[in-house]
Amino acid sequence: MNRRLNAPKAILICAMILAAGRSSAQKAPETHLMSIQDAVTYAYKNNVQVKNALLDYKIQEQTNRNITSQAYPQVTGNIGTTYFPYVPVQSFPNFISAGTYQVLVNEGVKNGSGQPIVAPGDFGFIAAPFGTKWNASAGVTLSQILFDGQVFVGLQARKTALTYATKNVEVTQETIKTNIYKVYYQLVVSQTQMSQIDANIERASKLLNDTRELYKNGFAEKLDADRAEVQLANLQTQKLTTQRSIDNGYYGLKLLIGMPITDSVVLTDKITEQRIREGIPIESDYKYTDRKEFQYLEATNLLNEYNVKRYKATYLPTVNLNSSFAKQAFRGQFNFIGTGDWFTTWNIGATISIPIFDGFFRASNVEKAKLQLQQTQNQMENLKLSIDNEVLTARNNFTASITTLESQRKNMDLAEQVYNQSKKKFEAGVGSTTDITTAQTDLITAQTNFINALYDAVLAKIDYAKAVGKLP
């Protein structure tokens, strides 16, 4: 009876445990308050491209270890045994018969005829197995490079290779950071746009209510109310479209920084006209070396110089030290442990390899490395031209965007003044709904132009800061 009562409880407990396991396995969505620097820092830790670039750095560290290992002694141990079902047979001159006849001749022994024995001219060959059925050996082999130009150049290039990997990480980070800045501030500007749309919807709603009251009292036509209703509907549609664009922008930002799509982001930075003007002075002087891409090419160029040096080193002799120590045993049966002798062999030697002629293989490698070095130098010169163009273009765009932003701000303020005056006239009964609808349309257009100019100015500032290598 007790078992029947406890069974449902056991099932319930199991279900609760399984549910708890599933909930713990699925991470709960989080909300992140993020400044622009917070977003960049988060991306440096979670963006796949940045993580792979950091892994490339670690891979280069291991490559450096491989290069360093070549300069260390190489020690190899070996142990083995060999079984000969048929011991190898060797054929050799019949020295036994020759020696026997020579003794008989020397002693003056005579044959049955009483004549001195005479050795034959050819004793033939003896075929006999030499060796044992079981052989065993155990030993250690050591080799050490005393001089190898390629290895020494590789050791010299290790630091530069790590610098190259570091600059690759920095270039990747710079690209990701630039994209984060653009998406982040686009969303910040969109928040300003949404505030304006909400204010316009509030105005349009009040205008629609006022127009309907005037229509009911005979002071306005139905057409006026319909116009106001269409204006409100257009604004509501604009809000939905803008909100969808903002939502997609947040998805893109989370993808860019490597954040789970289920998490939420709250942007804490604000954008103002004053902030756009500050921070990045418009200067005529800039340095190519401030750009991460140029630093990356400098490291590439230095590596290519080492590559030329490495191939030139192949013309030099190489010197290696070698030594081998071993114990060997020979048995008729497999009984190497505890019985019989083990014989010692040990040798020490040095080898000098002098390159003489290889069909111009080394020469072609040197020339190819020189051509690759020239390519990198050409890329550096081209990057300088590209940086010059980027800086001048970005500077002009930034200056023009500030001027356009000021103009659109004044135009938006003027449109708002016109709308407020039209609204007062309408409320005083001396203005028409056409006038106020037109004024509201002009205000919306001016606001849209201002938002576009604001975002263009943000982009221009980001592009200029990146062009001069000063993106914070």
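Modeller: Happy to! A crossing counts as left-handed if the near helix is turned anticlockwise from the far one by less than a right angle, and as right-handed if clockwise. The model is predicted, so local features need pLDDT of at least 70 and side-chain atom pairs pLDDT 80 or more, while totals for chains, interfaces and linings use all residues. Residues are numbered from 1 along each chain as its sequence is written, and side-chain values use heavy atoms, without hydrogens and water.

Let's start with helix 6 and helix 7 (residues 222-257), whose crossing is left-handed. Their axes (lines fitted to C-alpha atoms over the stretch in contact, with angles from 0 to 180 degrees between N-to-C directions) lie 8 Å apart at an angle of about 160°. Helix 6 and helix 7 are therefore roughly antiparallel (over 145 degrees). By class, their contact has 21 nonpolar, 12 polar and 6 charged residues; Ala, Val, Leu, Ile, Met, Phe, Trp, Tyr, Cys and Pro count as nonpolar, Asp, Glu, Lys and Arg as charged, and the others, Gly among them, as polar.

Next comes helix 9 (residues 292-312), which packs with helix 6 (residues 158-216) at about 155°, with the axes 9 Å apart. That makes helix 6 roughly antiparallel to helix 9, and this crossing is left-handed.

Finally, Gln173 sits in helix 6. Gln173 is buried (under 20% relative accessible area), at 18%, and touches Tyr44 and Val50, leaving aside residues up to four places away in sequence.

Note on methods. Helix = DSSP H or I, 4+ residues; strand = E, 2+ residues; numbered from the N terminus. Parallel < 35°, antiparallel > 145°, perpendicular 65-115°, else oblique. Buried < 20%, exposed > 50% of the residue type's maximum accessible area, 1.4 Å probe, protein only. Contact = heavy atoms within 4.5 Å.
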